[in-house]
Amino acid sequence: MRLRRTLLALVMVLGGLLAGTGGATAATPYCGITWGSTAKAAGTLSAAPLVDVRAGQHDCWDRVVFEFAGPANGWSVRYGETYTEGQGLALSPYTAGGALLRVSLRAPAYDADHTATVPYRTGDHAVTALGYRTLRDVVFGGSFEGYTTFAVGVRAQLPYRVFVLAGPGTHSRIVLDVAHQWQA
């Protein structure tokens with residue numbers, strides 16, 4: 001009888017703890033994401049050319065990585081229409097997704113001899129986003145006078161963040177993460 005009361009008390013305490021944890025979890029943001037969706041910009045113009053664009057999937061966001069052959073840290077990202085560099089043509093008719101992120105990289109997609117350093121032409125789809133939860137498309141908007149533009153199509157206007165990573169080696173990367181959803 002005494003063992004039964006002790007076990008019952010223990011079960012009640014554990015139940016209370018678990019119920020308390022459930023209430024606290026509901027108030028925390030989805031995956032801890034508090035990024036927001038307003039325009040963001042940082043860094044300066046660089047001569048390091050863009051050499052690769054790739055994407056990845058994570059539990060809480062989809063990622064686009066822009067890799068440069070040298071130090072690059074300048075970028076500007078915002079939701080809205082994206083136009084080609086140097087021509088001013090809208091990329092929305094060619095970009096899949098319910099919302100567009102205009103990504104302007106403050107670095108060229110060509111080297112010192114003005115030879116292209118990525119295999120894309122203006123309007124080309126740079127990433128295959130088939131099966132991604134948020135990412136729908138990444139379209140090359142061109143490179144002109146040291147600036148390179150991409151239209152990133154996403155499912156909807158969702159929170160995003162942008163940051164710079166050093167490496168590998170002397171390379172650098174500008175990373176764009178777009179959340180799968182707003183906080184709960």
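A: Accessible areas come from the Shrake-Rupley method with a 1.4 Å probe. In this predicted model, the accessible surface of the protein comes to about 9,800 Å², and carbon and sulfur atoms hold 58% of that surface.

Q: What percentage of the 184 residues is buried?
A: Buried means under 20% relative accessible area. Here, buried residues make up 43% of the 184 residues.

Q: Is Thr-82 buried or exposed, and where is its place?
A: Thr-82 counts as buried because its relative accessibility is 0%. Its place is in the loop between β4 (75–79) and β5 (99–105). Not counting residues up to four places away in sequence, Thr-82 touches Leu-100, Leu-101 and Phe-150, among others.

Q: Which residues touch the most other members of the largest nonpolar core?
A: A nonpolar core joins buried residues of nonpolar kinds through side-chain atoms within 4.5 Å. The largest one has 34 residues, of which Val-53, Phe-150 and Leu-176 touch the most other members. β5 gives the most to this core, with four residues. A second, separate core of six residues includes Trp-35 and Trp-61.

Q: What share of the contacts with a separation of 6 or more joins residues 24 or more positions apart?
A: Such pairs account for 67% of those contacts. Leu-176, leaving aside neighbours within four places in sequence, is in contact with residues including Asp-62, Val-77 and Leu-101.

Notes. Residues numbered from 1 in each chain as written. Predicted model: local features only at pLDDT ≥ 70, side-chain atom pairs only at ≥ 80, totals over all residues. Heavy atoms only, no water. Helix = DSSP H or I, 4+ residues; strand = E, 2+ residues; numbered from the N terminus. Buried < 20%, exposed > 50% of the residue type's maximum accessible area, 1.4 Å probe, protein only. Contact = heavy atoms within 4.5 Å.
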